[in-house]
Structures are given as C-alpha cells and as structure tokens.
Amino acid sequence: MSLGGITGNVTALRVTVGILVALAFVPLLHNSYYENLGRGILMYATLSLGWNIIGGYTGYVSFGNVVFFGLGTYTSAALWQHWHQQNIALAVVCAMAVGIALALVLGVPILRLRGHYFGIATLGIALATQEIVANVDWLGAGSGFTVRPLEAYSAYYYAMWIVCAASMLATFLIARSKLGYALVAIRENEEAAAVLGVDPTRYKVTAWAISAAMAGAAGAVFAGANAFIDAPTAFALDNNVFPIVMAILGGVGTVAGPLVGALILTAINETLWSHFPQIHTLFFGAVIVLVVMFLPRGLLWLLNLRGGWKGLRASVGAYRA
Amino acid sequence: MSEFLSIENVAMYFGGLHALDDVSFDVGRGAVLGLIGPNGSGKTTLMNVISGVYKPTYGSVRFNGKRIADVPTYAVCHLGIARTFQVVKPFANLTVRENVAVGAMYGRNGHNRGAHASFERAQELLEIVGLARVAGRWASDLTIPDRKRLEVAKALALDPEVLLLDEVMAGLHATEVDEALELLRTVNGRGVTLIVVEHLMKAIASISTTVVVLAEGKKIAEGAPAEVLASPTVIEAYLGTRYAERQRDVQP
Amino acid sequence: MQLFWQSLVNGILVGGIFAVVALGFSLVWGIMNIINLAHGSFVMLGAYTAYVLFSTWHVDPFLSLPVAFVLLYGFGYCIQRFVINFVVRAPILTTFLLTFGLSLLIVNVVLLIFHGDTKGITTQYSGTNFSIGGVTVGWVKVWTLLVALAITALMQAFLTRTKTGRAIRATAMDVDAAQLSGVRVAHLYAVVFGLGAGLAGAAGVLISLSYSLQPSMGDPFVITGFVVCVLGGLGSVQGALLGGLVYGVIEALGSQYIGTGLQDAVALVVLLIVLIFRPRGLLGKATAS
Amino acid sequence: MAYLRVGGLIALAIAGALTLSTAVPPPASAADNTIVFGAALAATGANAREGALTKEGYDFWQDYVNSHGGIKVAGKAYKVNIEYADDESKPQTAALLVEKLVNEDHVNFILGPYGSANTATAAAVAERLKVPMVEGNGAAASIFNQGYKYTFAVLAPGYKYLQGILEMAQMLKPQPKTVAISTANDTFSVEVGQGAAQYAAAHGMTVVYNNKYPADTTDVSAVVSGIKAANPDIILNGGHLDEALLLQRTLKEQDVNAKIFGYSVGPDTPDYRKTLGKDANWVFGGTQWSPTAKYKGAPGFIGDSKVYAAEFNKKYGHIPEYHNAESTAACLAFQYAIEKADSLDPQKVRDALHALDVVTFYGILKFDDRGLNVYKPMAVNQIQNGNLMTVWPRGVQNAQPAFPTPAWSARS
C-alpha cells in the first residue's frame with residue numbers, strides 16, 4: 001500500500017530524515033556559529049512544519065502562526081523571570097499548553113472564515129498580541145526580558161533538534177493516519193468532506209492546535225538560546241513569512257517539504273550574506289519572486305509530480321492569466 | 001406509515017418560492033423508490049430535505065422512528081443516510097482509493113475502523129463499483145462515468161441504510177446506463193434502500209419498486225412504475241398539455 | 001470634552017489618508033483576488049517621488065500628485081503584465097508570497113539609492129493650522145482629506161461611467177464571461193494593478209506631507225489596506241472611504257481612551273470582531289472570499 | 001521519472017553541503033600582525049541610518065590608527081582591521097553574526113551593534129564565547145545588570161538621556177514646573193522615560209502626562225492631543241529619530257506650546273534639522289558628546305574634540321554627532337586596553353578594560369564592575385536658528401540656552 005500523495009515523495013523523505021540525523025551531530029563540531037545556524041534551521045523547520053499542518057494539509061493559509069511562537073518565547077522568559085526556571089522541557093510543555101489553549105479558544109470563531117479573510121484574521125491576531133504583550137508589565141512591557149541561558153549551551157541545540165524531529169514525526173504519523181485524510185479532505189473540498197462525515201470545525205481546530213503546539217515549543221527553546229526577548233523579536237514578521245516560503249519551496253502538504261525548504265532558504269540566505277553583505281536582502285526578495293513564479297508547487301511536490309520533466313514544464317505558467 | 005422512512009407533509013419555502021408543498025410518502029426497507037418530475041419540480045430540494053441539509057419549513061422526515069431535525073451535514077451519514085451529488089465533487093489530489101477511504105474512515109461505523117482497515121474496505125467497494133483498475137490513480141484523472149462510480153463508492157463507504165442517487169446516470173450512453181443499473185441492483189441486493197432521481201424513464205421503470213412524481217413542488221402521482229408512467233397527468237406534467245390532448249385524441 | 005472632539009477630528013483627518021491607501025488595495029484584491037503586499041512599497045515610492053520633485057525642483061507636493069500617479073501606474077502595469085500575470089490564477093498563497101518578494105526588492109533598491117536616512121518635506125504651509133471651538137485642525141490634513149474625497153469620487157466615476165471601468169467591473173464579476181465578451185483580461189488585469197499602484201502613489205504623496213520618509217515606511221500601510229477593506233467591504237469605492245474613516249476614528253478614540261500604547265491593537269481587535277460577525281465587511285457585497 | 005527523483009536528491013545534497021560549508025576564507029588574522037575587530041552592524045532595516053553613523057565612527061578610528069603606526073603590542077606594531085556584517089536591525093541576527101565573526105572570521109575582539117535590543121543579544125554571545133565587546137550604541141542599563149563580565153559600554157545609560165535637560169531647566173527663570181513625558185515602547189526609550197520621570201519627581205517637578213506609544217508608529221496625534229490637554233511647561237520624548245520628527249511635526253500641527261521641547265534622540269542628527277528646517281529651532285536634545293567638550297585626550301589618538309570634529313568633517317563631509325563620537329570612543333577603549341595589556345589574549349584585554357582609566361576626546365573611560373562607564377555625564381544641545389549649540393553643562397557651553405520657547409504663532 002503506497003503512502004500515496006499525502007506524505008510526499010518517499011525517497012525525498014528518507015534523504016531528508018538522513019539530513020536531520022546528520023544535523024544532530026553539529027554540536028560535536030564545537031563551532032558555535034554552525035550551532036547557531038543549525039539551531040536556526042531546526043527552528044524554522046519546526047515553524048514551517050507547524051504551519052504546514054494548518055496551511056499545507058488543511059488548506060487554511062494562516063499568516064499569524066508567529067503568535068504561538070511569540071507566546072512560547074514569553075512563556076519561557078516568564079518562567080525564568082518570575083520563577084527562575086531554566087528547565088527547557090518545562091518551558092516547552094508550558095509553551096505548548098499556552099499555544100494549544102489559544103488555538104482552541106480562537107479557533108472556533110476564526111476558522112469559520114475562509115481564504116484571505118482567515119489569513120487577515122490570523123495576521124490581525126499576531127499583530128494585536130504583539131502590541132498587547134508590549135504593554136503588559138508582568139511580561140516586561142516594552143523593555144522585554146533578559147533570559148539567563150544554561151551553562152551547557154548546546155542543550156538548546158539538542159532541545160531544538162528534538163522539537164523539530166518530534167514535529168516531523170508527528171507530521172508523518174498524521175499524514176498516514178485518519179486525521180491526515182480528514183485534513184486533506186477539508187483542503188480539497190470542505191463540503192464534500194462534511195458529507196463523508198468529517199466534522200470540519202473539530203478537525204480544523206485540531207490542526208491549528210497541533211500547529212500552535214509546534215510553534216510554541218520552538219519559541220520556548222528560542223527564548224533560552226537568544227538570551228533577550230522583546231515583543232518585536234518574539235513576534236517578528238520573519239517568523240511569520242519564512243516558514244511559509246520554506247514550505248512552498250520544499251513542497252506544501254508533504255512531510256519532508258518544510259525541512260528541505262528551511263535548508264535551501266538558509267543556504268541561499270547564508271551565501272548571499274557572506275558574499276553580498278550590503279544587498280543580500282534585495283537578492284533574497286528576487287529569489288522569492290523567481291521561486292514563486294517558476295516553482296509554484298514547490299520542489300518536493302515536484303518530485304512526485306505526475307509526468308516528470310513534461311510535468312515540470314507544464315507546471316511553469318500553469319496559472320497564467 | 002412504514003416504520004423505516006416516511007415523508008410527512010413536507011413543505012419547503014424559500015421566501016415566496018414554494019419549492020415543496022405538502023409532500024408525503026413512505027419508503028419501505030430495501031425498496032427502490034424512483035423520484036421523477038420535470039426540471040424545477042423540487043426533486044433535488046426534497047433530496048436535501050431527506051438528507052438533512054435543509055430543515056423543512058413545515059412537516060418532517062421520520063427515519064427509523066426518529067425525526068431528522070436540522071442535523072449538521074457531517075452527522076447526517078451517521079444516521080445511515082448517504083447521497084451522491086449532481087455536481088460530482090472528488091478530492092482531486094488524493095488517489096481513488098484514498099477518496100473512498102475517507103468515507104470508510106468517517107462514515108457510520110468509521111470509528112471502529114483504523115486507517116488500514118478503511119483502505120481494505122475501500123478496495124472492496126472499488127471492486128463492487130468496478131473501479132479496482134484505477135484505485136491508485138489521482139481522482140482528477142478519471143472519466144465522467146468513472147467519477148460517477150467513484151461518487152457511488154464514496155457514498156457506500158459510509159455504510160448507509162438509505163442511499164440517495166441524484167442523476168447518477170445523466171450523461172451516460174446506453175451500455176453505461178445498463179452497467180449502472182446492474183450496479184444499483186447489486187447494491188440494493190445487499191440490503192441498501194435506494195431513492196433514485198433520474199430523467200431516463202427506461203432506467204426508472206426497470207429499477208424502481210415504486211415511483212413518486214413531483215411537479216411544481218407537489219406530489220402528483222405515486223404507485224407502480226408501469227401504471228404511473230402511463231397516467232395522463234404525469235405525461236401532461238412532463239410534456240405539456242397540448243401533447244397530452246393529442247395523446248387522448250389518438251387513443252381508441 | 002474638548003479632547004473628545006479633538007480626537008474625533010484627528011481620526012477623521014487621518015481616515016482620509018487611510019481611505020486612499022485602501023482604495024488601491026481594495027481594487028486589486030476585489031477584482032483579481034490578489035493581496036498585494038507590495039502596496040506599502042508603492043506608497044513609499046509615491047512619497048519619494050514627491051520628495052525628489054520637491055527637493056530638486058521645489059515642486060509643491062500637491063502638484064506632484066498626478067506625476068506620482070502616472071509613474072506608479074506605469075510601474076504597476078509592467079509588474080502585473082510581466083510578473084504577476086504569470087501566476088495570477090494561482091492559489092492566494094502564491095500571489096501573496098510573490099508580492100512579499102516584490103516588496104523586499106523595491107524597499108531595498110530604494111535603500112540602495114537613497115540610503116537609510118530619514119527625509120521629509122517641509123513646505124511653508126506645513127504645520128499651519130486653525131482652530132474652531134478649541135479643536136485645532138492642521139490645514140495640510142484638511143487638504144489631504146479633500147483630495148482623498150476627490151480621488152474617491154474620480155475613481156467611482158471612472159468605474160461606473162467609462163468603458164474600461166465597466167470592463168473592470170465585469171471581469172470582477174465573472175472572468176470567463178468577460179473574456180467571452182471580448183475583454184482582453186491580461187491587459188485589463190495590468191490596468192487594474194496599475195490603477196492600484198497609481199492610487200498607492202497618490203496616497204504616498206499625501207502621506208509625505210505629514211509624515212517623514214524612509215525606505216521601510218510603507219509596511220504599516222499594508223495592514224491599513226487590509227483593515228479598511230474588511231471594515232468597508234471589498235470592491236466598493238464607498239466601502240474604502242467609509243472603512244478608512246471608521247478605522248481612523250476607531251484608532252484615534254481607542255488610543256486616547258484605552259491607551260496610547262495600544263493604538264494598533266484596538267483597531268485590530270475591532271477588525272477581528274467585524275470579521276467574525278460580518279465576514280463580508282460593513283458594506284461588502286458577497287464577493288468570492 | 002527516475003532521473004527527476006535523482007535530480008531532486010542532488011538539489012537536496014547541494015543545499016545541505018552549502019549550508020554547512022559557508023566558511024568564508026578568514027581575512028588577515030593576527031598572524032600577519034593585524035588585529036581584527038568584528039562588528040555586526042545594521043546596513044538594512046529600521047536602524048540602517050544609525051548603523052551607518054556608527055560605522056563612520058569605527059572607520060574613522062581604524063584609518064587614523066593605521067596611518068599613525070597602528071597599535072604596539074609586545075614590541076610589534078599591529079595594523080587594525082574591522083570586519084562588518086549586516087544584522088538587518090534584528091537582535092537574533094546580531095547574535096548569529098557575532099558567533100560567525102568569532103568562529104568563522106576569527107576576529108580578536110567585538111565592537112557593539114547599534115541599538116539596545118541588538119546589544120543585549122550580542123552581549124550574551126560575547127559572554128558565552130568569552131570575547132570582550134565594547135559598545136557605544138546600546139544604552140539600556142538592563143543589559144548591564146545580567147552580571148556580564150565581557151561587555152563594556154562607553155556611553156551613559158539610557159535613563160540619563162533627558163535628565164540633563166531637567167537639570168538645566170532648574171537653573172532657568174521662570175523655573176518650569178510641569179513636565180509631560182511621551183516614550184516609544186521599546187527597551188531604550190522606556191528607560192529614558194523612566195529616568196526623566198524619576199528625576200522630575202525627585203526635584204520638585206510634577207509629571208502631568210506620562211504615556212507610551214507603539215514603537216515605529218506612523219501616527220502620534222492621540223499622544224499630542226493628550227499632552228495639549230495637560231498643558232505642560234516642558235515636553236520630553238524618549239524615542240529614536242523617526243519618532244522625534246513625527247512628534248515635533250504633530251506638536252506644531254496641533255499648535256501645542258511649551259517652554260521647553262526636549263528629545264532623547266533626534267536634534268543631533270543632521271537629518272532632523274534638514275527635514276524640519278526652521279520648525280527644528282529652539283529644540284533641546286540630550287547628547288552623549290559635543291565638539292565643544294574640553295577634555296584633553298591621552299596620546300595615541302586625537303586628544304581635542306575640535307580637532308576630532310574638523311578631521312571627521314574633512315573625511316565625511318559633516319560635523320560628527322554623538323553617534324559617531326561614541327563609536328570612535330568604543331574603539332579607543334580597546335586601543336588603550338590592548339596597549340595596557342600588551343597582549344592580544346582576550347582574557348588579559350578584558351582585565352585591562354576592567355581596570356581602564358583614561359581620558360579621551362570623548363571623556364573619561366572608566367568602567368564599573370557591571371561594565372558601565374562611570375564618569376559619562378550627559379550634555380544638552382539646542383538648535384538655535386539652524387545651528388546645533390551645546391548649552392549645558394556650563395563647563396562645555398558654547399551658547400546660553402534660548403528659553404522660553406516662543407509659541408508656534410510667534411515664531412518668525
């Protein structure tokens with residue numbers, strides 16, 4: 001029984017898992033720059049995996065998942081600031097709980113919206129939360145929190161690796177389970193899915209809660225590693241848009257897509273950085289434009305495209321006016 | 001008043017438009033009810049009322065003794081009622097087997113079926129409807145007749161007691177119609193009650209145990225197919241008064 | 001009480017700017033179902049056009065309005081014709097990211113040319129004001145509101161009375177039907193996107209009169225476009241105007257009475273409430289979401 | 001189909017390899033007698049402008065030292081090279097780049113980024129990698145109560161920025177009594193606002209308005225209407241350049257008058273005067289340094305502020321303002337510490353920085369155990385008909401404070 005289209009190309013999945021395992025050994029290089037870079041890739045991959053559940057599998061394109069990441073960083077920072085807790089596992093669990101709670105509370109009304117309106121609602125939530133948090137004194141208000149990292153700094157790398165691996169495993173299990181098919185059914189045609197017995201609200205909210213848990217966990221680990229958290233950092237636009245670009249680049253609605261996208265985007269960003277320090281953001285914009293124009297369905301999606309190179313040529317310009 | 005499925009004085013008003021007006025009839029367990037009537041006679045509206053999509057303005061639908069109020073769409077199949085759509089709605093980016101599997105997973109007894117069991121159930125159903133050969137293909141690559149078969153298979157995956165078929169045979173040529181009729185007989189043979197909405201009188205006549213005729217939202221005839229199809233009121237409703245008059249003059 | 005009237009007036013005046021910013025955004029979204037994240041950078045380009053004309057040839061910003069409109073129209077037309085048309089029927093995700101990439105490109109090109117330093121336009125009349133009943137009103141903001149109303153009226157007339165205008169509205173209702181009746185959709189989309197960009201440019205000029213300029217000044221105005229379109233409803237010119245004014249007043253009163261630190265949060269929470277209870281906006285017709 | 005899959009896999013492999021091998025050939029290292037400093041500095045993003053000013057301050061010092069025999073360490077003269085990287089005005093990017101500069105580019109020491117948030121994350125990295133960092137553009141004191149041992153700030157902390165203006169106000173007749181404070185909601189500005197509020201309360205002035213507005217806001221008319229209703233003698237703003245411009249314009253637009261208009265950042269930068277023109281007149285600005293400072297700097301660098309200002313103006317075409325000066329001062333701290341330690345060992349240089357006590361054109365550089373410069377007083381500048389004059393403290397005055405500020409309608 002083939003895995004079918006829902007988990008994405010099998011070979012690419014095996015290679016990506018291979019790369020993920022390889023990434024686990026980066027701290028042994030004792031080069032804190034590679035460690036920081038690797039932790040960045042794992043963080044963005046986790047955020048992209050989280051977004052992929054609601055945006056990729058369920059087809060509800062959220063432009064505000066950073067709200068769960070941001071609240072995750074603040075949960076971890078508050079644990080240190082008020083209770084002097086540095087335990088990463090505790091921070092991750094609390095951050096996931098906060099994320100899931102918010103997703104459940106907001107999910108029912110917000111997930112009734114569709115398309116652009118859902119996108120705007122989630123973006124609105126992220127921006128409003130950023131400003132509200134910046135006015136709450138208990139959360140450090142405008143001046144933010146300084147968080148004392150653990151002595152064993154590589155612990156943050158391994159924690160992020162575990163969070164990323166767990167998210168990818170969860171995505172794989174979901175994709176093969178009944179839940180995965182319910183989500184894809186909603187994405188393909190919500191009314192037809194309801195006729196077949198899939199309760200749209202229940203499964204959409206579940207998807208968003210899973211999404212929130214992954215983003216929250218990534219936020220909790222990031223807070224410790226980054227040592228300083230304020231509202232603009234926690235709710236940065238990058239953590240909203242990069243995960244989506246990465247999922248697109250790697251292949252929306254696949255298991256391996258997000259990590260592949262994270263690797264490629266970071267590689268592009270790094271090479272641009274070191275060689276064109278002044279105009280790398282400009283190149284980055286150009287890269288996004290080109291990718292979206294010629295690879296609308298993403299690389300991994302391409303690998304199981306029906307029709308090989310002919311399929312590739314067909315997909316270019318498939319959406320022409 | 002059969003205990004299985006009964007339509008009691010159902011009326012459905014959309015503002016001023018009376019789509020259905022005081023329609024009542026019963027459907028016995030295992031029966032095949034042909035529902036016919038010219039376009040705009042309220043057939044699809046009635047299907048929506050029976051499948052709980054619309055809540056009737058007056059009257060009610062009773063199934064297994066229970067009144068179907070405005071049941072949310074996803075809960076309808078759990079009552080045992082499944083339906084196909086005139087406009088076919090496959091999940092394009094899933095394979096044919098996966099399309100049917102979704103029904104098996106979330107239908108009436110989907111809860112006690114794992115993903116694997118659902119795939120096996122789907123394969124069985126594909127064999128029944130004759131789509132086993134394309135099980136692994138993407139749903140969007142199917143021909144029109146195959147898409148209609150897929151629609152039936154997905155409905156059957158919900159383990160229904162009653163299956164509503166909305167113009168499943170429209171657009172099929174002669175041999176495909178016979179194959180479809182054959183399929184419906186096997187499905188009915190397995191104990192599934194059918195309500196068939198079609199315009200092909202030949203198909204309706206050959207498959208239905210009883211026939212109900214709607215015109216402008218009212219029930220104008222009910223009974224055995226041969227008798228109903230020959231009655232002048234039905235012909236007049238379908239083909240207009242002038243044709244009916246000429247029929248009367250010609251008859252000896 | 002005087003503070004209340006002052007805030008109300010502040011809200012209405014800034015609402016005029018929001019309306020013009022949202023007008024272009026609403027057009028592109030309503031007709032082509034594209035969320036244009038580069039809209040903010042078009043506003044910025046409009047502002048820089050006014051700045052260049054003012055600093056080199058001392059052209060009064062209000063006179064550079066048509067120049068900015070035409071320049072941005074051309075720029076927008078080309079972007080749509082050669083870039084966005086390539087994927088215009090793609091799912092919203094694709095066009096959203098495409099315009100995000102475009103925005104990054106535009107902002108950083110301007111940063112390269114004009115560097116990061118903050119620029120501004122100070123004419124002799126900027127800052128002049130008059131007061132009635134204790135409420136002080138800046139002349140510049142009044143003129144901006146009047147120009148905004150004029151632009152909205154012009155746009156309404158264009159959409160209802162001219163041939164192209166009707167073709168645009170037809171395409172909005174049903175692309176295929178419009179195409180069947182001889183509308184060159186690719187060209188028309190480019191015209192619509194050009195108009196959107198032109199209107200953003202005009203808004204940029206108005207903004208340059210009251211606010212300072214730097215390459216990343218455009219970003220907040222994308223959110224403005226979003227919020228106003230939702231409040232006022234999509235695809236209707238009056239909707240953009242009403243939505244802009246409502247948004248301005250909510251932001252002014254909200255920040256005065258709830259907390260100046262929560263200025264944007266108040267408006268966004270109102271946006272969420274409207275989205276949940278009236279998904280099509282206050283005036284909006286049920287267009288495809 | 002198979003070749004397509006292989007193509008995809010190759011793409012993946014390249015991506016993976018690229019990521020891990022982004023090593024850039026390390027620039028001249030200490031081996032061929034050059035001391036390399038790393039600076040993660042904003043070239044893009046919201047702080048691009050201030051980042052450029054910081055870079056001017058660093059480069060001016062680098063070129064001066066290299067053309068004056070470099071730095072003597074253990075009998076050998078070392079050239080100086082500053083390696084830059086654009087942190088896009090993002091704190092987590094600054095942290096990543098400091099790690100890259102230390103691990104990849106093998107820099108000896110770190111010069112601070114622009115902005116308090118970026119400095120906070122960079123300081124955490126410097127602490128962990130045990131590489132000394134001296135900064136001149138991160139003023140939030142909260143950075144320095146984390147017990148960091150490797151970060152030193154040459155500039156006065158944020159909370160002092162507006163206190164100079166209030167101190168001056170007490171000496172003016174008729175003495176202004178009521179103060180309105182507005183602050184942008186970010187790390188540095190909030191601290192500036194708190195410092196001003198505490199000082200006013202402690203010196204018999206009443207704070208009649210104290211509110212925050214969102215950082216990078218496009219509209220402050222609500223704050224200005226609130227200030228107008230409070231009708232204060234002194235209006236103070238804690239914020240950066242853009243907020244200062246926006247507030248001044250809106251104050252004029254709503255015809256809000258006061259005896260003193262004071263800004264933490266803004267009046268000193270040339271952009272402020274260029275953009276506002278005559279509307280900038282009468283405005284006071286807290287400043288870390290001004291060309292009129294009368295310190296006699298130790299040998300090894302320009303000792304006199306006027307000479308520094310002249311040389312700087314010749315090189316960059318504008319009189320240096322405090323962002324430039326404090327950046328050069330950060331480099332000077334390293335220069336004297338390295339010569340005192342007579343070694344490039346990070347630990348020795350750190351200890352030398354800790355024990356440093358030297359006079360420079362910028363002022364006295366002496367750090368307390370938290371790393372803050374103990375002797376850094378704030379001065380007050382005022383824009384008087386287009387020129388930036390230093391009006392407080394008396395020791396460095398080159399003009400009397402023009403007081404009180406006339407009503408908008410009464411200005412020429």
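## The sheet of chain D

In chain D, 7 strands form an open sheet of mixed pairing, in the order β8-β7-β9-β10-β11-β14-β15. Strands are DSSP runs of E of at least two residues and helices are runs of H or I of at least four, numbered from the N terminus; two strands pair if DSSP finds at least two bridges between them. β8 (206–213) and β15 (387–392) of chain D are the edge strands, each pairing on one side only. On average, neighbouring strands of this sheet are turned by 25 degrees against each other, direction ignored. β7 (residues 178–184) of chain D pairs with β8(D) in the parallel sense over 7 bridges, and D:Ser182 stands opposite D:Asn211 in β8(D).

## Basis of the model

This is a predicted model, in which local features need pLDDT of at least 70 and side-chain atom pairs count only at pLDDT 80 or more, while totals for chains, interfaces and linings use all residues. Residues are numbered from 1 along each chain as its sequence is written, and chains are lettered from A and ligands numbered from 1 in the order in which they are written.

## Two sides of chain C

Two residues are in contact if their C-beta atoms, placed from the backbone, lie within 7 Å. The contact between chain C and chain A takes 41 residues from chain C and 36 residues from chain A. On the side of chain C that touches chain A, α4(C) provides the largest share, 13 residues. This side divides into 32 nonpolar, 7 polar and 2 charged residues. Here Ala, Val, Leu, Ile, Met, Phe, Trp, Tyr, Cys and Pro count as nonpolar, Asp, Glu, Lys and Arg as charged, and the others, Gly among them, as polar.

With chain D, 32 residues of chain C are in contact with 33 residues of chain D. α1(C) gives the most to this side of chain C, with 5 residues. The residues of chain C that touch chain D comprise 6 nonpolar, 23 polar and 3 charged.

## Chain pairs without contact

No contact joins chain B and chain C, and their closest C-alpha atoms lie 15 Å apart. Chain B and chain D likewise have no contact, with their closest C-alpha atoms 16 Å apart.

Definitions and conventions:
Axes fitted to C-alpha atoms, helices over the stretch in contact; angles between N-to-C directions.
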